Every structure is written in structure tokens, then in C-alpha cells.
Amino acid sequence: AFKPSSYMPADWETDPSFPDTHSWPEFFHMPVLMLMLITLLNDGTLIAIGYDTVQARDTPEKWNIPVLYLVSTVLAGVALISSIVLLDIMLNSWETGAFGGLSYGQITASIYLKVSISDFLTLFSARTNENWFWTTAPAPILLGAGCIALSLSTIIACAWPPSYPDGVYTEGLGRRSPQAMAVYVWLYCIAWWFVQDAAKVGTFYVLKKYNLFGYNDTGKLIMPESALKYIRDHKASDMAKAASKGGH
């Protein structure tokens, strides 16, 4: 488990370059207010997916629950790993020198921004099913909703005043060096977006190649053996009857 307090410099109380005057918490968590903002800005605008452009499948649509679970797990798993890796990089910033050392408030705001961005980018990956995310352009209403939500999330992450929502120190990314931290988070999320989409495409490739969970048969009409037997036994006579009726 990540214990932020164990990542602090040993001489943090006497180091004049260390920005925080208090000890970091024993475990990391985001303020409830930030989680509510993610729900309001991202999940609310995700409703626009109902007006998105789609490509019709070759077979009728049918829920294949095991496939849905597998693909959603892959997408969510990549997003989770990327969040954990970023959190570890930022908590270690005073040991590695990454970003010049971050305050705990910056780390909180960075994770908020990262989750907000990954949330929407995951949608743009999932919407194209087994294809790459760039193969089908999103509908203008969905693209507009995404731009609005992500712009507001970025502004909030940059301008958040130093405060303690739910007792968690939070500070806007634009209020302390490096001021370009939001840009770094965006680039990080976009890089992982390609990894996430590649994992999705690879998962569908394996599903299709080995027909796992009957993926290739999803939506197809599977006739019972009795129907197949009837066709075999009566095919010749039925075709003869059809031909004779067509001749009149």
C-alpha cells in the first residue's frame, strides 16, 4: 500500500525547499468533493454517447457478457495501472528529483486531473469496439461534451486554492512550480491512452482468433439440430416445390 508519509524526505522539517509544513498522511485518498466533481463533469457529459455515430455490425446486436467483462476489465486495468504508476512517480519526486519535488497538494490535484482525463479517454477507446480509437470520428455533440468536461477539469485542477477538503491538502497545479504540471499530466494520459487502446485491440484479436466465449458467433442464429435435420431431409423436395411455383 502507498503510504505518503514514508515518501517524505528525512529532513523535511528543516529543508527550506520542502513546501509543506505538515506531515503527509498515512494513506492516499482523494477528497470526496473531487470525486463528486468527476461524477458531475465526466459521467454527466457521458450521456452524450447516446447521440454518437456508430458502425453497424455484420450480425444482429446481442450482449456477450463474458466479452464485455473481459474488455472492460482490460480497459479499467490499464487505467488503474497508469494511475498507480503516476502516483508512485509523484510521491517519489523528492527522492528522484522528478518535477523538482512536489507538494502533497499538487499530488492530490494531479491525480484528480489524471482520473478525469483517463475517464473520458477510456470512453473514446471503448466506443470503437475492436478497432483503434481513431478509426471512427465521434459525433460533434460527444466531442463537444468531452472538450467542455476536460477543459473544466483542467481549470479546476490548476486553479484550486490551497485548502483541506475532507482533511486532504489540495493545491492547484498552477499555484506552484512547475506551472506546466497540468501539461505533463495530459501528455502522460495521452501516452497511456495509446497503451490502453493497444491492449483493447489485442484483446479483441485474441477473442476473434480463438473464438473465446463464442465471440465470432455473437448475434448469429444458431439453429437446433432438429431444424438442421429437416433441412437436410427436405432440401431437395422444398427446392423442387419452389421451382415449380416459380414456373407458373
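Asn-216 is partly exposed, with a relative accessible area of 28%; buried means under 20% relative accessible area, exposed over 50%, and partly exposed in between (1.4 Å probe, protein chains only). Asn-216 is found in the loop between helix 6 and helix 7 (225-247). Helices here are DSSP runs (H or I, at least four residues), numbered from the N terminus. Setting aside neighbours within four places in sequence, Asn-216 is in contact with Lys-208 and Asn-211, where contact means heavy atoms within 4.5 Å.

This is a predicted model, in which local features need pLDDT of at least 70 and side-chain atom pairs count only at pLDDT 80 or more, while totals for chains, interfaces and linings use all residues. Residues are numbered from 1 along each chain as its sequence is written, and side-chain values use heavy atoms, with hydrogens and water left out.

Asn-42 counts as buried, because its relative accessibility is 0%. The two residues are set out below.

| Residue | Relative accessible area | Class |
|---|---|---|
| Asn-42 | 0% | buried |
| Asn-216 | 28% | partly exposed |

Not counting residues up to four places away in sequence, Asn-42 touches Leu-37, Ser-116, Asp-119, Phe-120, Ala-149 and Ser-153.

Two packed helices are described by the angle between their axes and the distance between the axes. The axes of helix 1 (residues 32-45) and helix 5 (residues 140-159) come within 8 Å and cross at roughly 165°. Axes are lines fitted to C-alpha atoms, for helices over the stretch in contact, and angles run from 0 to 180 degrees between N-to-C directions. Helix 1 and helix 5 are therefore roughly antiparallel to each other, a term for angles over 145 degrees. From helix 1, Leu-37, Leu-41, Asn-42 and Thr-45 meet Ala-145, Ala-149, Leu-152, Ser-153 and Ile-156 of helix 5.

The largest nonpolar core has 44 residues, and those with the most contacts inside it are Ile-107, Tyr-112 and Phe-120. A nonpolar core is a set of buried Ala, Val, Leu, Ile, Met, Phe, Trp, Tyr and Cys residues joined through side-chain atoms within 4.5 Å. Helix 4 gives the most to this core, with eleven residues. Ile-107 touches Trp-24, Phe-28, Leu-87, Met-90, Leu-91 and Leu-102, not counting residues up to four places away in sequence. A second, separate core of six residues includes Val-67, Val-71, Leu-207 and Tyr-215.

Definitions and conventions
Helix = DSSP H or I, 4+ residues; strand = E, 2+ residues; numbered from the N terminus. Parallel < 35°, antiparallel > 145°, perpendicular 65-115°, else oblique.
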